[in-house]
Amino acid sequence: MLRAVHLFPVFPNAHAIELLRAKYDPLVNYIAPHVTLVFPFESVIATEDLRVHLKQSTVGLKPFRLVMTGVTGADGEYLFLNVKVGNDHIVQLHDKLYGGILRHHLNRSLTYTPHLTVGRMNDKDAFDLALAETEGWNEVFETTVDEFVVENIDEHGNSLVEFKVSLLR
């Protein structure tokens with residue numbers, strides 16, 4: 001089974017993200033706007049074992065403020081909505097989740113940079129145009145993160161929630 005762990009931030013003005021994703025993100029119909037904490041991995045871990053690991057990994061972590069704004073490019077094909085407040089909390093969560101039974105799934109050759117993907121283009125001209133079109137896009141998105149989600153990814157690429165984990169209050 002393919003799984004991943006995400007934050008699905010709830011923003012009052014999320015429609016603006018959806019409009020951007022509808023234009024630039026081929027995954028818009030498969031998964032809601034998200035910040036990936038644990039990237040997709042093949043897993044035969046029992047649901048309860050994974051739940052226990054995630055809860056133990058996050059003991060003492062509290063809900064935190066998240067502010068995102070500004071679109072930048074990455075790797076010549078991705079458009080990222082950037083984290084402006086909450087980055088350290090997300091990195092801490094990411095690092096803790098990749099311990100224990102998930103340790104061997106961590107790809108240490110890539111630096112983790114929290115973001116919300118709003119687009120992906122396989123063509124350089126399309127990518128450059130998207131960067132130009134989003135240059136003045138300065139909508140601010142703000143929320144409190146109080147949970148994260150384990151998802152299953154089906155054979156068609158659809159995201160299906162397996163379970164949620166709340167951060168202690």
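Figure 1. Strand E7 (residues 147-153) and strand E8 (residues 159-166) run antiparallel and are joined by seven bridges, in a model that is predicted rather than determined by experiment. Within this pairing, Phe148 stands opposite Val165 in E8. The hairpin that E7 and E8 form has five residues between the strands, and in this hairpin Gly157 takes a positive phi near 90°.

**Figure 2. The open sheet that contains E7 and E8.** Taken in order across the sheet, the four strands are E2-E1-E7-E8, the pairing is antiparallel, and the sheet is open. Because E2 and E8 stand at the edges and each has a single partner strand, one side of each is left without a neighbour in the sheet. From one strand to the next, the twist averages 20°. Strand E1 (residues 2-7) pairs with E7 in the antiparallel sense over five bridges, and in this pairing Val5 stands opposite Val150 in E7. In a regular strand, side chains alternate between the two faces of the sheet.

Figure 3. Another open sheet of four strands, with antiparallel pairing, has the order E5-E4-E3-E6. Its edge strands are strand E5 (115-120) and strand E6 (140-145), each of which pairs on one side only. The twist in this sheet averages 30° from one strand to the next.

Figure 4. Strand E3 (residues 64-74) runs antiparallel to E6, to which it is joined by six bridges.

**Figure 5. The largest pocket and its lining.** The largest pocket has a volume of about 920 Å³ and is lined by 35 residues, of which Thr36, Phe39, Pro40, His115 and Thr117 lie nearest its centre. Strand E2 (35-42), strand E4 (78-85), E5 and E7 are the elements that give two or more residues to this lining. The largest share of the lining, five residues, comes from E2. By residue class, the lining of the largest pocket divides into 17 nonpolar, twelve polar and six charged residues.

**Figure 6. The buried and exposed sides of helix H1.** Among the residues of helix H1 (residues 15-24), Ala16, Ile17, Leu20, Arg21 and Tyr24 are buried. Seen down the axis of H1, these buried residues fall within an arc of 135°, so they line one face of the helix. The face of H1 turned away from this buried side carries the exposed residues His15, Leu19, Ala22 and Lys23.

Figure 7. Although Asp146 and Lys96 are 50 residues apart along the chain, their C-alpha atoms are separated by 16 Å. Asp49, by contrast in its setting, has its place in helix H2 (residues 47-57). At 49% relative accessibility, Asp49 counts as partly exposed, since exposed requires over 50%. The C-alpha atoms of Asp49 and His105, residues that lie 56 residues apart along the chain, are separated by 16 Å.

Technical notes
Residues numbered from 1 in each chain as written. Predicted model: local features only at pLDDT ≥ 70, side-chain atom pairs only at ≥ 80, totals over all residues. Heavy atoms only, no water. Pairing = 2+ DSSP bridges. Axes fitted to C-alpha atoms, helices over the stretch in contact; angles between N-to-C directions. 1 Å grid on protein atoms, 1.4 Å probe; cavity = no way out; pocket = protein on both sides within 12 Å on 5 of 7 lines; lining within 4 Å. Points joined across faces, edges and corners; volume = space filled by probe spheres on them. Nonpolar A, V, L, I, M, F, W, Y, C, P; charged D, E, K, R; others polar. Buried < 20%, exposed > 50% of the residue type's maximum accessible area, 1.4 Å probe, protein only. Arc of directions from axis to C-beta.
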